[in-house]
Amino acid sequence: MRQPVSHLAGSSFTHLVLAGYTLLSLFPLFLVLINAFKSRAGIFDAPLALPNGETFSTIGFEKVLGKAHFLGFFGNSLTVTVLSLVLILLFGAMAAWALSEYRFRGQRLILLFFAFGIMVPIRLGTVAILELMVKLELVNTLSALVLVYTAQGLPLAILILSEFIQQIPKELKEAARCDGVGEFTIFFQIILPLIRPAIATVAVFTMVPVWNDLWFPLILAPGEATQTITLGVQQFIGQYATDWNAVLASLSLAVLPVLVIYVFFSRQLIRGITAGAVK
Amino acid sequence: MNRIARWQIAIFLAPALLIYASFSAWPLLDTLGLGFFNTDEAGQQHFAGLANYYKLLLDPQWSDGFWNAMGNNVEFFFIHMLVQNPIGLLLAALLSLKGVRFAKSYQTLLFLPTLLSVVIIGFIWQLILSPLWGVAESLLAQVGLAEHFQPWLGEEGSALLTLALISVWQFIGIPMMLIYAALIAIPEEVIEAARVEGASAWRIFWQIRLPLILPTLGLVTILTYVGNFNAFDLIYSVKGALAGPNYSTDILGTYFYRTFFGYQSQIGSPTMGAAVATLMFLVILAGVGVYFFAVQRRLQRHAF
């Protein structure tokens with residue numbers, strides 16, 4: 001008879017810990033989101049209360065959208081993230097294919113060269129990256145960010161995509177080759193569609209650090225016209241630190257797109273991490 | 001296998017190699033080289049041997065700041081190791097128990113903060129801990145601890161610890177997910193065999209599951225290490241480049257930024273910045289080296 005009792009106790013302990021920690025994870029976000037929709041008085045008088053008829057206000061959002069070029073920041077982040085992703089996935093898949101399909105001299109060396117980039121953060125090369133961008137006249141352009149993020153994302157993308165490409169059955173490729181199909185056609189029309197799930201996984205988790213980065217936008221593209229959302233919010237809050245409505249609204253605006261994307265892709269992302277980690 | 005022309009392989013490899021080499025690998029090497037130069041008033045660079053490193057490590061004008069940042073960074077890392085990874089392990093262990101309801105939902109929600117920008121997280125916690133708003137204080141009051149409230153982020157003694165805990169709060173999802181993945185990959189028969197032998201869940205965890213996931217714990221450790229010794233965004237957004245109060249939250253990332261770009265009366269120097277980056281590189285390389293040559297090799301023997 002002891003078993004079920006201890007089982008029950010164990011199960012409630014499990015849920016107590018998990019639910020408690022989940023609450024701790026979500027509470028700060030919840031707090032910011034509800035207070036973003038309140039008047040200044042509402043924010044200070046009852047921070048924990050939901051907005052009601054009396055305290056509801058969108059003044060913060062109006063201020064933010066009026067003062068800062070939020071839509072512009074947003075567009076910049078989107079451009080940088082999408083372009084980097086496309087380059088990482090396309091070039092990454094091509095390199096992964098070459099490295100896992102063919103045997104050639106220097107192959108191990110190239111693999112090692114890329115592997116190095118997984119462990120060593122690209123930030124350490126910032127001094128020289130800035131000098132290079134000055135020489136190329138790319139400072140304060142989104143291209144500078146795209147190039148750096150592509151370089152940053154490639155090593156891991158190549159590693160993961162190689163794992164998947166290696167699992168593709170040999171017969172498929174050999175059959176195509178017997179029919180006289182060229183290597184480029186094989187890659188673009190047979191391999192790429194086959195590794196779509198892997199590409200989606202890599203996409204979701206290369207996207208996050210690019211979208212969130214502060215360091216490179218701060219150093220390579222701090223100009224008003226090229227600010228990304230992360231840098232824009234950071235600068236905006238630095239400037240309007242005492243305007244709580246505006247601060248809370250800008251934080252919410254920065255959080256919302258990520259929340260929306262997460263609602264759609266959380267499963268993919270978690271599956272990707274789980275699958276990637278086992279290897 | 002058919003003969004594939006060399007140029008075809010080259011075309012597949014070239015774009016990735018070119019971008020990675022020019023914007024990641026070469027700048028890193030270039031930075032390592034630049035650390036051996038100094039910059040004169042006219043902005044010209046001259047070879048200076050180890051002068052920059054001598055300054056950084058031994059000349060009090062520079063080395064005080066450097067060693068302070070290094071010490072803080074080590075502390076920052078240890079707090080992650082002592083708080084983040086054990087909690088991550090606990091959450092993963094609970095999530096991987098058989099038949100826990102809502103396990104997927106918990107996972108999804110617990111992972112959410114990890115996806116948000118460090119800048120956003122930093123500001124959110126700054127608001128919550130602000131004495132002006134008083135949310136933290138009123139929450140403490142509800143459990144009768146109001147008098148323990150302090151403006152933790154503003155005090156020299158507690159600012160670094162508070163920032164480290166904010167970072168722990170945000171990144172708990174990474175160790176949790178990695179460890180969870182390792183735990184569910186353990187073959188069911190192994191656990192079942194132990195259970196049939198009459199081992200308790202507690203014992204199964206400590207004596208079977210934990211030893212089997214040691215390689216993953218090693219991976220989590222090195223990821224935490226690299227992430228921490230490369231951190232910058234959180235400190236910069238909450239405390240600014242000066243990493244106050246009185247440099248008590250200064251870590252290598254913020255020290256690097258100030259050295260490179262300058263602050264107040266100090267003029268920034270790319271060559272000194274490169275020297276700091278080189279030292280950071282060595283610190284990270286040492287960690288990765290230890291991981292690969294000692295930990296990974298020994299742990300692999302336990303793996304299945």
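Which residue just after helix 6 of chain A takes a positive phi? Let's find out in this predicted model, one close-up at a time.

**View 1. The end of helix 6 in chain A.** The residue to look for is A:Glu137, whose phi is positive, at about 60°. Helix 6 itself covers residues 126-135. Its buried residues are A:Thr126, A:Val127, A:Ala128, A:Ile129, A:Leu130 and A:Met133. As you look along them, remember that an α-helix has 3.6 residues a turn, so residues three or four places apart point the same way.

**View 2. A:Val148 and its neighbours.** Leaving aside residues up to four places away in sequence, A:Val148 touches A:Ile122, A:Ile129, A:Phe216 and A:Leu220, along with B:Phe23 from chain B. Notice A:Ile129, which you met among the buried residues of helix 6.

**View 3. The largest nonpolar core.** This core has 162 residues, and the members that touch the most others are A:Val148 and A:Leu161. Helix 7 of chain A (residues 142-166) gives the core its largest share, 16 residues.

**View 4. Where chain A meets chain B.** Here 65 residues of chain A are in contact with 63 residues of chain B. Several helices of chain A each supply at least two residues to this side, including helix 1 (2-36), helix 4 (70-101) and helix 6. Helix 13 of chain A gives the largest share, 11 residues. Sorted by class, the side of chain A that touches chain B holds 47 nonpolar, 14 polar and four charged residues.

Methods. Residues are numbered from 1 along each chain as its sequence is written. Chains are lettered from A and ligands numbered from 1 in the order in which they are written. This is a predicted model: local features need pLDDT of at least 70, side-chain atom pairs count only at pLDDT 80 or more; totals for chains, interfaces and linings use all residues. A nonpolar core is a set of buried Ala, Val, Leu, Ile, Met, Phe, Trp, Tyr and Cys residues joined through C-beta atoms within 7 Å. A residue is buried if 20 or more other C-beta atoms lie within 10 Å of its own, exposed if 12 or fewer, and partly exposed in between; C-beta atoms are placed from the backbone. Helices (H or I, at least four residues) and strands (E, at least two) are DSSP runs, numbered from the N terminus. Two residues are in contact if their C-beta atoms, placed from the backbone, lie within 7 Å. Ala, Val, Leu, Ile, Met, Phe, Trp, Tyr, Cys and Pro count as nonpolar, Asp, Glu, Lys and Arg as charged, and the others, Gly among them, as polar.
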